[in-house]
Amino acid sequence: VMIDSSGAHVVLTSSSDENHPPENITDGNNKTFWMSTGMFPQEFIIRFPETTNISTVIMDSYNIKHLKIERNTSPNAADFEPVTQEELEHTEGHLQLNSISLKGCSATHLRFIITEGYDHFVSVHRISVKT
């Protein structure tokens, strides 16, 4: 099952550009995006309507070098535990299309922490999950 914007939404971001707001991450359209403004780390948190078992996160992004993903199963965005970290390949001029295995972990919130980029600014165009 693919979940794009079926109730999953961004509840927190470390920075926001009014032209590229956080809700672009979960709108299912990779022509719209959230863009960071400033230094690393940058982070955003996605909340699911209920605790969801997630096998894979699909993320379309640009200029992200190092990413950590954490999760929780609590009703609020606190007490996260690490799930995985990834070094992403540099794709000059086109999107990074990443498929990141979470091995069926259950989560109410996923926290994405971008610790390094290939440039000062990074963008996240779309996130969907496979359950």
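**Strands and rings in a predicted model**

Strand β5 (residues 64–72) and strand β6 (residues 81–87) run antiparallel to each other, and six bridges pair them. Before I go on: this is a predicted model.

Let me stay with β5. Where does I69 have its bridge partner in β6? At T84. β5 also pairs with β7, again in the antiparallel sense, over eight bridges. There, L67 has I114 of β7 as its bridge partner. So much for the pairing; now the surroundings. β5 is mostly covered, with seven of its nine residues buried.

Next, the record. UniProt lists residues 14–122 as "domain: F5/8 type C", in an unreviewed entry. Over residues 14–122, the chain is 56% strand and 0% helix.

Now the rings. How many aromatic pairs does the structure hold? Two. To describe a pair of aromatic rings, one gives the distance of the centres and the angle of the planes. For F44 and F112, the centres are 4.7 Å apart and the planes are at 10 degrees. Planes under 30 degrees apart count as stacked, so this pair is stacked.

Which parts of the chain does the pair link? Distant ones: F44 sits in strand β4 (residues 42–62), F112 in strand β7 (residues 96–117), and the two are 68 residues apart. Are F44 and F112 buried or exposed? Both are buried.

Technical notes. Residues numbered from 1 in each chain as written. Predicted model: local features only at pLDDT ≥ 70, side-chain atom pairs only at ≥ 80, totals over all residues. Heavy atoms only, no water. UniProt positions renumbered as here; feature names shortened; annotations may be inferred. Helix = DSSP H or I, 4+ residues; strand = E, 2+ residues; numbered from the N terminus. Phe/Tyr/Trp six-rings, centres within 6.5 Å; stacked < 30°, edge-to-face > 60°. Buried < 20%, exposed > 50% of the residue type's maximum accessible area, 1.4 Å probe, protein only. Pairing = 2+ DSSP bridges.
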